[in-house]
Amino acid sequence: MKDTTGSQTVTINQTAAYAVYFDYKRRNDPDFRKALKKESRRQARLAKEEAEVQGKRQKEEIKQAVQEAIEEGFPTDVEEKEAFFMQQIAQGEALAGDGSDPVGAALCFYKGLKVYPEPSSLIRIYDNTVPKEILEILAVMVAQDKSLKVGDFGASSEGASDSGHGVE
């Protein structure tokens with residue numbers, strides 16, 4: 001028991017001594033400060049590059065998901081549309097609730113939007129109920145689908161796709 005307490009004391013003392021040494025170097029050594037700043041900038045640059053790669057990957061995933069949904073097709077019968085809509089909204093809410101798959105949740109909301117008779121009114125409902133992260137993904141999906149007519153957000157209004165409007 002004494003050996004453990006002694007080694008813990010030594011470890012604590014070494015950690016405290018290093019903290020004091022580090023603080024002293026940081027305050028008094030200009031080269032050390034420059035090295036810290038350089039490392040900090042390098043870490044920030046790497047994080048930014050990783051975020052860009054992740055963003056591109058997510059955009060490709062979104063584009064592919066929309067294309068697959070369009071290829072699968074959507075129901076045409078009124079009762080089938082209603083059942084499909086309810087199923088997709090329920091699935092989207094479940095995925096949005098646990099937050100594990102925002103692209104999947106947005107895809108479900110997109111599919112529901114595709115079969116809804118008045119997409120503009122559904123967009124307003126989504127705006128009040130869907131988390132912002134998923135809503136942004138949904139906006140990218142709506143922009144990908146030129147056949148979806150959502151007032152100012154879709155392909156039905158002239159120049160809307162070039163004006164940068166989105167679902168917000």
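**Helix packing around H4**

In the predicted model, contact (heavy atoms within 4.5 Å) between helices H3 and H4 involves Lys-81, Phe-84, Phe-85, Gln-88, Ile-89, Gln-91, Gly-92, Glu-93, Leu-95 and Ala-96 of H3 and Gly-104, Ala-105, Cys-108, Phe-109, Lys-111, Gly-112 and Val-115 of H4. These residues comprise 9 nonpolar, 5 polar and 3 charged, where Ala, Val, Leu, Ile, Met, Phe, Trp, Tyr, Cys and Pro count as nonpolar, Asp, Glu, Lys and Arg as charged, and the others, Gly among them, as polar. Residues are numbered from 1 along each chain as its sequence is written. Because the model is predicted, local features need pLDDT of at least 70 and side-chain atom pairs count only at pLDDT 80 or more, whereas totals for chains, interfaces and linings use all residues; side-chain values use heavy atoms, without hydrogens and water.

H3 spans residues 78-98 and H4 residues 102-115; their axes are 8 Å apart and form an angle of about 160°. Helices are DSSP runs of H or I with at least four residues, numbered from the N terminus. Axes are lines fitted to C-alpha atoms over the stretch in contact, and angles run from 0 to 180 degrees between N-to-C directions. H3 and H4 are therefore roughly antiparallel, a term for angles over 145 degrees. The crossing of H3 and H4 is left-handed, that is, the near helix is turned anticlockwise from the far one by less than a right angle, while clockwise gives a right-handed crossing.

H4 also packs against H6 (residues 132-144), at an angle of about 55° and with the axes 9 Å apart. This angle makes H4 oblique to H6, the class left after angles under 35 degrees (roughly parallel), over 145 and from 65 to 115 (roughly perpendicular) are set aside. H4 and H6 cross in a right-handed manner. Pro-102, Val-103, Ala-105, Ala-106, Leu-107, Phe-109, Tyr-110 and Leu-113 of H4 meet Glu-133, Ile-134, Ile-137, Leu-138, Met-141 and Val-142 of H6. By class, the contact of H4 with H6 has 13 nonpolar residues, no polar ones and 1 charged.

Lys-111 lies in H4 and, at 14% relative accessibility, counts as buried (under 20% relative accessible area, with a 1.4 Å probe and protein chains only). Beyond its neighbours within four places in sequence, Lys-111 contacts Ala-69, Glu-72, Phe-74, Phe-84 and Gln-88. In H5 (residues 119-129), the buried residues are Pro-119, Ser-121, Leu-122, Ile-123 and Tyr-126; the buried residues of H5 pack against H3, H4 and H6.

Notes
Helices (H or I, at least four residues) and strands (E, at least two) are DSSP runs, numbered from the N terminus. Buried means under 20% relative accessible area, exposed over 50%, partly exposed in between (1.4 Å probe, protein chains only).
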